[in-house]
Amino acid sequence: MLHIKCPHCGMRSQNEFAYGGDATIKRPELNKEVSDQDWDNFIYNRKSLRGKHKELWHHISGCRQWIKVERDTATHEIFKTVKANEEI
Amino acid sequence: MNQDFRLDNVGLINRNKKISFKFNGKNYFGYEGDTLASALLANGVHLIGRSFKYHRPRGFFGAGVDEPYAIVQLYRNNETEPNVKATEQELFEGLEATSVNCWPSVNFDIGAINNLLKVFLPAGFYYKTFMWPKSFWYKVYEPFIRKAAGLGVASIKHDKERYEHKYEYCDILIAGSGPSGLASAYAAAKNGARVILAEDKPRFGGTLLTSEVNIGNQTGKEWAENIIAELKEMPNVIVRNRSQVFGYYDHNMLVMSEKLSDHLPKTKKYHPKQRLWYIRAKEVLISSGSIERPLVFGNNDTPGVMLSSAAKEYLKVYGVLVGKKPLIFTNNDSGYETAIEFKKNGIEPIILDTRKDPKSEIITEAIDLGIQIKFSYVVVAAKGYKKVKSAEIAKISDNKNELGTLENIDCDCICVSGFWTPTIHLASQSGNKTKFNKDIDAFVPGVSKQNETTLGAANGTFTLEETLKNSFNMGHELSKKITNIDNKVSSPLVTEKKSTQHDKFWCVPLPKGKTYKRFLDFQNDVAVSDVEIALKEGYRSIEHVKRYTTLGMATDQGKTSNLNGLQLVSNIENKIVPEVGHTTFRPPYTPVTIGAIVGRETGKHSKPTRKSPMHSWHAKNNAVFVDAGVWLRPRYYKQGSETLFEGSKREAKNVRKNVGLCDVTTLGKIDIKGPDAAELLNRVYTNAWLKLPVGKARYGVMLREDGIVMDDGTTTRISENHYHMTTTTAQAANILSHLEYYLQLVWPELNVNVVSTTEQWAGASLAGPKSRSVLAKLFPDIDVSNDGLPFMGYREGNLFGVKARIFRISFSGELAYEINVGSDNGNFMWEKIMEVGKEFAIQPYGTEALSTLRIEMGHVAGSELDGRTIPYDNSLEGLMSKNKDFIGKRSLNRKAFIAEDRQKVVGVVPLDKQTSIPEGSHLVMDANAPLPNPKLGYISASCWSVEHDNPFSLAILKDGKNMIGQKLFAMSPLKNKTIPVEIVSSHYVDPKGERARS
């Protein structure tokens, strides 16, 4: 079980969190033209990386904040965790 | 009182307490502190089971966790447990055990014919034989293999035992209480660290209990006892015996199973049988010791052949002689220690040492004691079937290839020592890349991956002096890092006998003309010849060889066999062992009871049960409850001997005719506040929200970004910047996460806060033509007329002194109001409404009537909004705003979503107006079309329409828009039904929605 440092609460066990996928995906802006390709990339296309991955976790059984985590998908090593409004 | 093989005055058992037990139906006795294995051996019982493949007789090979043979079916307190190691099971009064894998009995086992057929049962036999014809697999081969294979039998009864889970944090977790565990625990504890020390056996001390050493002025055993006593007194130390740390997981999470009651005749009331510890440790010290390696020779699986360390443990701990004419077969000094213990207790052992001319203190001691030693000698084969009767021995040449003349020697047991294999499982599970240590011919941990450090024999250090020195240092160093305290405990003076180099020789060659089986894996009957065949057939990777031959795959997971298997592969392949590598060590290190893994989460505790504040009223009024997610909701309120069908029909009819009351507390509720609240709603809902006035509610639909409908519900504007959102019961938690996602990550500029208030409000839906009359009596101060409180209106009111919220919203399609009060007043509200409603013939109604009402109205719900449908499919396309963007809008113009013949919700009525259509039935054009019959749609929900008094269903149907009036067939192969149906509008009752607005 991973041990994730919530930037708001400190070290917490994985079972307090929900996984939220790739943190680098940006939602296209509202009311702007979006090409089919860009929309597909936003909705469906994800890299399945082996190695360092920037991802979202939601501290659902804690402070209910979404956080950003940089984790190695092969070793589970966590390099960095930041708040939702910070760059990772 | 006599036990033929029990010594007086030796051992750690309690001779004042006799314990009787049964094995294979026969009565025996042992003593408190015995294991089942030691007690049987004391009674001279060596035959305990049959092997997995050849059904060869099996005895005892080890004295603990590494045991490959002695697996029994255990009976305890009217329960049975399979595959229990007799070497680990402590004796308790009334214990019963039987052999496994033998029929009709362990003494006469018909399966033993496999032993005679063994030339036909080589490696990969099953793979090769049970291949063709394919159709034989299920009916012939599999049942045959299942019957022939398999060890114990699992109980099919509910396990009434209690298992607990515990979470613990510590500075240093120490696995194993041998010399290195004790020394490091002591040093760390004295330095202020929070320490957990775990020992899998009942007794602490590990090898200190059996070796002849002195630490300071105490014996090893005394030293261990004193250290443990002191550790137990320290507030920063947790000491646990019968506790196996079996798994090393990510981020220094280790799991340990503690057996609290397995050694008792029955578990004490309210006590757990076992406890599973999840331990997050800052540092982990692995002091798991080592396991003696077997030597490989002919018939080396005969009962009576066992590890010399096990023989010594039976003698020193249990006072049991494993034989009276022992032959010690060794390639190192450890065998001498066992021989000396025999000699000291009046037994004359003979030592066969593979080495030519070894010299050390301990060998000198053996010679001085007058023990007969044959150097450059090997055991060629054990003789005897159910028990060793003699041994065929021979001199071996210096190059270890040539055997001299075969000689027979009388013996009743053969104690083997092929040197030691460090127990590196935990380190390897941590991710540590192990390295091969040539000096000890075994793998040891390499560079630490997580915060694990391996000490003592587990790290390949076999002298006590060095082990203690390192362990005291490491315990001090690691704890200092954590606690910043620098209390150093000095390492005591150690007296131990020095050993000399072991012999790398481990496998005795076959003499000419002999075909003895030489076993590597004792539980799975894998012999040298099997591995040879696998390699000849082209298997190269050790992982493949393992799976093809099943070497190391039995319940003991190859604790005694892995390394010899590797040596063999490396010999044949002409590689060095590290090139061959070892197979992956995976948790658990030892088998763990499923019950312990499950813990308390069984039956009704497997998930939380949520009850509304009105639950006790429902229960008192004969509600039949149904699981709705984690909630318990009344399905219907049973009157007399009513069935669900009759009861729900009565309740639904009463709503259409008079008035009904339904508990809707379970609906998700989210409080939304902030100046940008309207803007948020406008983005997450598909329809327009910016102009909703205060005091009005609106129905809304939410999509996922991919255009699929996510949820629906009403949201009410309580005040300028304050909204009350409702979600479906099932999606409540997901919608909150969804809103938080957009507010925190996508649109952080929106100034809005959201919080779940599901538990804060109790809700009751008052529905039916007479609901307004009831409402008027409940709230005499409020104008509840159609103008005063119009459809989708909202008012705050005073319900007999309790603050209430009144929403005029309708799910049933009738004139209806939803009343909310604080949860604490839920029951009060309910009782008041029922009391006031009495004169209007009010009846409570459950979820079944609720479904009926919404289905015949054509209101979509969870069974249509199932994560696969888009707004159009649910006839919700009218709610898709054209004037603004919203979540998921961009996906709605996907090709499939705008196809002309896109599926759409429709109503379905059976032509006979009698036959209910099973939910999940498929709609087809032609009931007799050849399979696969093209499916046009499926029935999503069914009810008995109380308005029309006939069955009615909703369906999602291809080109539903143009199918009204079509005659189709509903087919349910599961229910074996084919029903001719007609497609009608989904709005079967009040298609214009006038009632709710009346």
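The buried residues of helix 11 (residues 464-483) of chain B pack against strand 8 (163-175), helix 5 (179-190), strand 15 (274-286), strand 28 (452-454) and strand 29 (494-495) of chain B. Here, helices (H or I, at least four residues) and strands (E, at least two) are DSSP runs, numbered from the N terminus, and contact means that the C-beta atoms of two residues, placed from the backbone, lie within 7 Å. The model is a predicted one, in which local features need pLDDT of at least 70 and side-chain atom pairs count only at pLDDT 80 or more, while totals for chains, interfaces and linings use all residues. Residues are numbered from 1 along each chain as its sequence is written, and chains are lettered from A and ligands numbered from 1 in the order in which they are written.

Among the buried residues of helix 11 of chain B are B:Leu464, B:Leu468, B:Phe472 and B:His476. A residue is called buried if 20 or more other C-beta atoms lie within 10 Å of its own, exposed if 12 or fewer, and partly exposed in between, with C-beta atoms placed from the backbone. The helix has 20 residues and reaches 28 Å from its first C-alpha to its last, close to the 28 Å expected at 1.5 Å a residue; the expected span is 1.5 Å times one less than the number of residues.

With 14 residues, helix 18 of chain B covers 20 Å from first C-alpha to last, close to the 20 Å expected. Its buried residues include B:Gly647, B:Lys649, B:Glu651 and B:Arg656. Part of what covers them is strand 33 (631-637), strand 40 (761-767) and helix 23 (847-857) of chain B.

A few backbone details in the loops of chain B are worth a stop. Most residues other than glycine have a negative phi, and most peptide bonds are trans. B:Asp525, however, has a positive phi near 55 degrees, and sits in the loop between strand 30 (519-521) and strand 31 (526-527) of chain B. B:Asp525 is buried, with 24 other C-beta atoms within 10 Å. B:Ala841 also has a positive phi, about 65 degrees, but is partly exposed, with 13 other C-beta atoms within 10 Å. The peptide bond from B:Pro587 to B:Pro588 is cis, with omega near 0 degrees, and B:Pro588 lies in the loop between helix 15 (577-580) and helix 16 (594-598) of chain B. Another cis bond joins B:Leu931 and B:Pro932, with omega at about -5 degrees.

Now for chain A. It has one helix and six strands, running β-β-β-α-β-β-β from the N terminus on. Of its 88 residues, 14% count as buried. Four strands form an open antiparallel sheet in the order 3-4-5-6, where strands pair if DSSP finds at least two bridges between them. Strand 3 (18-22) and strand 6 (78-83) of chain A stand at the edges with a single partner strand each, so one side of each is left without a neighbour in the sheet. Five bridges join strand 5 (residues 66-72) of chain A to strand 6 of chain A, and A:Lys68 stands opposite A:Val82 in strand 6 of chain A.

The two chains meet through 18 residues of chain B and 17 residues of chain A. Helix 20 (732-746) of chain B gives the most to the chain B side, with six residues.
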